[in-house]
Amino acid sequence: MNVLVGSLLNAITELPSRSFLRVRGRVTRFDGQIIECDGFPVSVGAICAVRGEDGAQIEAEVIGFREGRNLLFLYEFGARIEVGAWVEAVDPGRLVEVGDNLLGRVIDAQGLPLDQLGSLDLNEAWPLMGHTVNPLTRAPVDKPLDVGVRVVNALLTIGRGQRVGIVAGSGVGKSVLLSMMTQFTEAEVIVVGLIGERGREVGAFVDQVMHGAAKSKICVVAVPADRSPLLRIRGANRATAIAEYFRSKGKQVLLIMDSLTRVAHARREIGLALGEQPTAKGYPPSVVSMIPNLIERSGTGLPHEGTITAIYTVLADGDDTTNDPVVDTARAILDGHIVLSRKQTQLGIYPAVDISASVSRVMNDITPVQQQTAALLFRRLVSLYMDNRDLMLMGGYSPGQDPELDLAVALWPQMTGFISQAPDQPETIGQTQEKLYALMPK
């Protein structure tokens with residue numbers, strides 16, 4: 001008997017790591033979105049197949065347990081499910097398929113191609129939630145990254161492995177700035193997560209960036225706003241997992257997540273459905289813990305690995321860039337933030353970067369002293385001009401009262417010209433530095 005038991009245990013341990021025990025139960029309650037079914041052994045995050053009214057297989061994800069029963073959230077809205085329908089676990093949901101064939105492709109939250117270019121043929125896997133990295137073993141952020149955008153390269157220099165937020169209200173040029181960075185950034189691999197965006201914007205963005213030589217290094221994970229909140233969260237985690245995989249291969253990766261706020265909205269929907277108590281602006285505590293967990297997966301890797309330079313867009317409701325819980329949480333964990341100003345949009349300055357409200361926390365570690373000095377003066381002059389613009393328009397200021405403000409007024413046309421940049425004209429860090437040094441007085 002002991003020999004048989006030992007042989008059985010050995011056989012179990014030798015099973016492939018991705019094998020999965022298929023267990024099932026029956027639906028006991030369904031409210032249109034959340035399914036409650038018989039309890040069977042499965043973990044949170046596992047994917048199950050539910051038999052619909054017409055016999056079709058409908059996918060759902062385990063989100064928790066209640067009084068010995070499993071709770072599942074449907075991937076599909078408006079599904080027709082009857083009480084007593086079978087629910088069967090089909091995938092543990094812990095791994096995502098990865099590989100070089102992802103480059104040049106557009107996929108959804110479940111890894112299925114959206115671009116109608118055929119199957120992906122991926123033969124490697126990576127944990128959906130990533131690997132935990134010891135912060136003391138991470139490589140430092142010590143080299144600048146050329147993003148091709150003049151105002152960012154000069155005044156808000158981004159380092160390889162830095163995490164940056166783009167904070168903006170609606171309609172201030174966020175998508176155009178992201179498109180410029182996607183096309184111009186000096187990176188070996190670019191992973192774009194379009195989470196919760198309008199379907200039209202997803203199509204327009206893909207058409208704009210997926211062409212020419214840049215296409216061969218871009219992977220887009222698109223989950224439009226009409227998809228289930230669980231798919232939006234899974235899409236954000238899948239995009240991050242893909243970026244982690246390429247970082248582990250020694251690649252310099254640019255991860256763009258548009259938007260972090262929509263991921264937080266999806267987590268809010270799930271949290272409220274599970275009965276969590278809402279706090280500020282209706283966000284439950286799970287949202288506050290999810291944002292750092294997602295952001296901390298990017299950044300530098302081990303010394304022999306590459307880096308993930310991450311750019312997250314954060315939507316400021318009503319242009320409130322200070323009191324929104326998602327903005328505050330993201331600002332606290334990120335290594336810098338770029339604020340887009342509606343006032344500058346109205347002045348016709350694009351990209352509409354609010355210089356005085358934006359900051360890069362690693363800029364002084366990766367740029368020469370001459371650039372730091374010139375950038376500091378540029379920021380001060382812009383702030384002076386914007387603070388006194390209304391006063392000057394009303395005739396309340398006479399030239400000669402403040403020499404520095406006079407300098408700001410004299411240089412304002414050149415400074416706005418420096419900030420402004422056409423979407424199809426990239427500029428390197430070297431070119432940017434030369435123009436900045438020439439513009440700012442010694």
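# Reading a fold, one feature at a time

Student: Which residues in H3 meet which residues in H4?

Tutor: On the H3 side you have Ser 175, Leu 178, Ser 179, Thr 182 and Gln 183, and they meet Glu 201, Phe 205, Gln 208 and Val 209 in H4. By class, this contact of H3 with H4 has three nonpolar, five polar and one charged residues. For the classes, Ala, Val, Leu, Ile, Met, Phe, Trp, Tyr, Cys and Pro count as nonpolar, Asp, Glu, Lys and Arg as charged, and the others, Gly among them, as polar. Contact itself means heavy atoms within 4.5 Å. Before we go on: this is a predicted model, where local features need pLDDT of at least 70, side-chain atom pairs count only at pLDDT 80 or more, and totals for chains, interfaces and linings use all residues. Residues are numbered from 1 along each chain as its sequence is written, and side-chain values use heavy atoms, with hydrogens and water left out.

Student: How confident is the predictor, going by the average pLDDT of the chain?

Tutor: pLDDT is the predictor's confidence in each residue, from 0 to 100. Here the chain averages 90, and 95% of the residues score at least 70. Watch residues 11-19, though: the pLDDT there is below 50, and beyond near neighbours in sequence that stretch has three contacts in the model.

Student: How many helices and strands does the chain have?

Tutor: Helices (H or I, at least four residues) and strands (E, at least two) are DSSP runs, numbered from the N terminus. This chain comes to 13 helices and 19 strands. Its C-alpha atoms fill a box of roughly 95 × 45 × 40 Å along the principal axes. As for how the chain folds back on itself, residues 24 or more positions apart account for 71% of the contacts with a separation of 6 or more.

Student: Back to H3 and H4: at what angle do their axes cross?

Tutor: Axes are lines fitted to C-alpha atoms, for helices over the stretch in contact, and angles run from 0 to 180 degrees between N-to-C directions. The axes of H3 (residues 174-184) and H4 (residues 199-209) come within 10 Å and cross at roughly 30 degrees. Angles under 35 degrees count as roughly parallel, over 145 as roughly antiparallel, 65 to 115 as roughly perpendicular and the rest as oblique. H3 and H4 are therefore roughly parallel to each other.

Student: How do H12 and H13 pack, then?

Tutor: H12 (residues 403-419) and H13 (residues 429-439) pack at about 170 degrees, with their axes 11 Å apart, so they are roughly antiparallel to each other. Leu 411, Gln 414, Met 415 and Phe 418 of H12 meet Thr 432, Lys 435, Leu 436 and Leu 439 of H13. Sorted by class, that contact has five nonpolar, two polar and one charged residues.

Student: Why do residues a few places apart point the same way in a helix?

Tutor: An α-helix has 3.6 residues a turn, so residues three or four places apart point the same way. Keep that in mind for the next pair. In H7, Val 288, Ile 291, Pro 292 and Ile 295 meet Val 326, Thr 329, Ala 330 and Ile 333 in H8. That contact has seven nonpolar, one polar and no charged residues.

Student: Is H3 enclosed or open?

Tutor: Buried means under 20% relative accessible area, exposed over 50%, partly exposed in between (1.4 Å probe, protein chains only). Eight of the 11 residues of H3 are buried, so H3 is largely enclosed by the rest of the structure. Among them are Leu 177, Met 180 and Phe 184. Across the chain, buried residues make up 52% of the 442 residues.

Student: Is Ile 242 buried or exposed, and what about Asp 365?

Tutor: Ile 242 lies in helix H5 (residues 229-248) and is buried, with a relative accessible area of 1%. Not counting residues up to four places away in sequence, Ile 242 touches Val 98, Leu 102, Ile 107, Val 191, Cys 219 and Val 221. Asp 365, in helix H10 (residues 363-366), is exposed at 58%.

Student: Where is Asp 258, and what is Asp 258 in contact with?

Tutor: Asp 258 sits in strand S15 (residues 252-258) and is buried, with a relative accessible area of 4%. Leaving aside neighbours within four places in sequence, the contacts of Asp 258 include Lys 174, Leu 178, Glu 197 and Thr 313.
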